[in-house]
Amino acid sequence: MQINGIDIEETFAEAFPMTATRLIITAADRFWALRAAESMTGFATSVIACGCEAGVEREVSPERTPDGRPGIAVLLFSVSGKELEKQVVRRVGQCVLTCPSTSVFAGMEGEKKIALGSHLRYFGDGFQISKIVAGKRYWRVPVMDGEFVAEESTARTSAVGGGNFLVLSESLNGALKACESAMDAMRQIPNVIMPFPGGVARSGSKVGSKYKSLTASTNDAFCPTLRNITKTLLPPGVGAALEVVIDGLTEADIARAMRVGILAACETGRRHGLRAITGGNYGGKLGQYHFHLHEVLK
Amino acid sequence: MTSLTLLRKSSNCGRLNLTGIVPNKLLSLTSAEMETLPIESEHGSTPLASQFTVCDGDRDRLVFDGDLSLCDHVAGGLLSGDVHVLGPVGNFLASGMQGGRVVVTGSAGNYACSSLRGGQVTIDGDVGRYAAAAAPGASRGMAGGELLIRGSADEFLASRMRRGRVIVHGTISAGCASRMIAGTIVACSTVAMPLGYGMARGTILLLAPAPQQLATGLAGFTLPEPCELSFLTLLLKEVAAHIPVPQQRELANKPWLRSLGDRAEQGQGEIFFRQSQSPPSPSLEPWLR
């Protein structure tokens, strides 16, 4: 298969099950809401060492936020409900509670709940106030600029992590251009985040390592500097590979994001030396979800 | 299908206790079984049919038709379904109610919703004393649910109220929110003093111009201070749908002042009010009808 002259390899990208939640962070204006969202989703690129994967999903207009202020929706993904709750409470406590003028609300409904305000309220040292509005409990914690409002809990849902595609280009600059186009397009897709810096990872990993203490290590098959000393998967002429990683609430969300991203990369990439698109295929060892590139692009 | 209707017969058996005459209890009964249901009166037990004409219908919605001002505990124990009263009701309306919906087109006696725990109650007329307040012998009043009073509320509204929301369109007499434990009261019209005496927690939102005592400092409460809390927007947004249109315009006005008390009891209850009219906040405009 080719798109715009770019080879789409007949392979699949592997992804794995996760659990996810969405939070809505509001603030006095967009600037502060975004600062809090960026801060709380920092150092959340991979569950391998960050505890969760997180990112800004989209902006929410004041008409659509619970308190009528500008909002940012963030998605957080983790491997278990317990770990997700730990990360949510820590990150909101350190990055949203601390950020001037912010409030935080649940961004999804569901049966399975994780703590939000119910844990953070203790910062109020007894001065916190619980209030039920429209059937939802909110905690009002006195802080130096007024009150921090946090909804009692948020829901979590089953999700999919690690959806991906790899951009293989003649040069690093060409790979970057293709990825930037892909990101611009994929950021318009709801229910997904791309947790790595700018949405892109240059240190794609394979499962396992020669060192027993490591569960993942560099994906040597895609490292151009190892082309002559390892079993490379890089086509001739490819000088750089970058990986776009996608977490989504459903398989369909990831498939949609992959499709949009690959099409955008191929549209821009041809002018910049993009040679091929492939998927992070680990021989079925990584995850139960397989996104076949040709099917995604049908 | 029409609603199950209980038509009040003229009677001289004194006050009746209608606890348990609610849709969730009548669901599995035949019309004949309903007619023989015992209800308590001042003169002992009496069958339902001696006091009401039973017109069978949809069991999810029970209609009481007639003057029930001598009937207490109307909708007592309601868990689900609707109870509609076409006329006034006596004391202890919706006692022990945990869910469902009650609408009273007339007025209600004393202790209305005093032990309400969930569901929605709307009273088109006035309510007597101790609405949403602790009933005799109880330490706490209303513990959940929503009470909307379109008329006025007599003394000691929400005294020792524990949880839930009360909205009053008309005037509120003295003693409102005394020893209030928690919950929310929205007053659309004037409120007589004393207000919030011994208040521990809870929120009172005054939409009418505040009494002079509040503006200058209510006994036991902190001096009013301007506040711009995002929480208020959440509350106002919800309240907007339940108050008269003129007051809806008031919601958008700023700034709000807040007093905390009753400090004599180490209380942290809060009274929100405004001193004067000011232009509506544009951010609230979209929610106003």
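Which residues are buried in α5(B)? Here is a short tour that gets there step by step.

1. **Ground rules.** This is a predicted model, in which local features need pLDDT of at least 70 and side-chain atom pairs count only at pLDDT 80 or more, while totals for chains, interfaces and linings use all residues. Residues are numbered from 1 along each chain as its sequence is written, and chains are lettered from A and ligands numbered from 1 in the order in which they are written.

2. **Chain A as a whole.** You will find 6 helices and 19 strands in chain A; these are DSSP runs (helices: H or I, at least four residues; strands: E, at least two), numbered from the N terminus. Its radius of gyration is 21 Å, close to the 19 Å that the globule rule gives for 298 residues, so chain A is as compact as a globular protein of that length. That radius is taken over C-alpha atoms, and the rule is 2.2 Å times the number of residues to the power 0.38. The C-alpha trace of chain A spans about 65 × 40 × 30 Å along its principal axes.

3. **Where the two chains touch.** The contact takes 17 residues from chain A and 15 residues from chain B; residues are in contact if their C-beta atoms, placed from the backbone, lie within 7 Å. On the chain B side, helix α5 (residues 230-239) gives the largest share, 7 residues.

4. **Back to the helix.** In α5(B), the buried residues are B:Ser230, B:Phe231, B:Leu232, B:Thr233, B:Leu234, B:Leu235, B:Leu236, B:Glu238 and B:Val239. Buried means that 20 or more other C-beta atoms lie within 10 Å of the residue's own (exposed: 12 or fewer; partly exposed: in between), with C-beta atoms placed from the backbone. Because 9 of its 10 residues are buried, α5(B) is largely enclosed by the rest of the structure.

5. **An enclosed strand.** Strand β12 (residues 163-168) of chain B has 6 of its 6 residues buried, so it too is largely enclosed by the rest of the structure. B:Arg163, B:Arg165 and B:Ile167 point one way from β12(B), and B:Gly164, B:Val166 and B:Val168 the other way. In a regular strand the side chains alternate between the two faces of the sheet.

6. **Its neighbours in the pairing.** β12(B) pairs in the parallel sense with strand β11 (residues 143-149) of chain B over 5 bridges, and B:Ala143 has B:Arg163 as its bridge partner. β12(B) also pairs in the parallel sense with strand β13 (residues 184-187) of chain B, over 4 bridges, where B:Ile167 stands opposite B:Val186. Strands pair if DSSP finds at least two bridges between them.

Note on methods:
Contact = placed C-beta atoms within 7 Å.
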